Amino acid sequence: MNVYVVMAFNETGFYVVSVSTNLEIAKNYAEYEFKQRVGAWNIRIYKKILDAPQTIEDEIVYTKEKTK
């Protein structure tokens with residue numbers, strides 16, 4: 001089963017925003033978090049396989065970058 005992990009990160013750290021089995025729901029969480037943080041954090045959604053170690057098949061499927 002695929003899961004989508006929404007991560008927020010910047011120069012000082014990172015945190016998990018949400019984990020979802022639906023990409024569209026994950027994108028909604030990503031957009032909401034980006035707006036709440038006023039673009040101070042970058043957002044990425046990683047497509048992962050549930051209950052699996054990190055593999056080459058893991059991929060970034062969505063990115064929202066802050067403006068510099």
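Student: How many residues are in the hairpin that joins β1 to β2?

Tutor: Helices (H or I, at least four residues) and strands (E, at least two) are DSSP runs, numbered from the N terminus. Here the hairpin between β1 and β2 has four residues. This is a predicted model: local features need pLDDT of at least 70, side-chain atom pairs count only at pLDDT 80 or more, and totals for chains, interfaces and linings use all residues. Residues are numbered from 1 along each chain as its sequence is written, and side-chain values use heavy atoms, with hydrogens and water left out.

Student: In which sense do β1 and β2 pair?

Tutor: Two strands pair if DSSP finds at least two bridges between them. Strand β1 (residues 2–9) and β2 are antiparallel, over six bridges. One partner of Tyr-4 in a bridge is Ser-20, a residue of β2 (residues 14–20).

Student: Is Ser-20 buried or exposed?

Tutor: Buried means under 20% relative accessible area, exposed over 50%, partly exposed in between (1.4 Å probe, protein chains only). Ser-20 is buried because its relative accessibility is 9%.

Student: Which residue caps the N-terminal end of α1?

Tutor: A polar contact is a pair of N or O atoms within 3.5 Å; within protein, one must be able to donate a hydrogen and the other to accept it, and residues adjacent in sequence count only if both atoms are side-chain atoms. The cap of α1 is Asn-22, with a side-chain oxygen 2.9 Å from the backbone nitrogen of Glu-24. The backbone nitrogen of Asn-22 also lies 3.0 Å from a polar side-chain atom of Ser-20.
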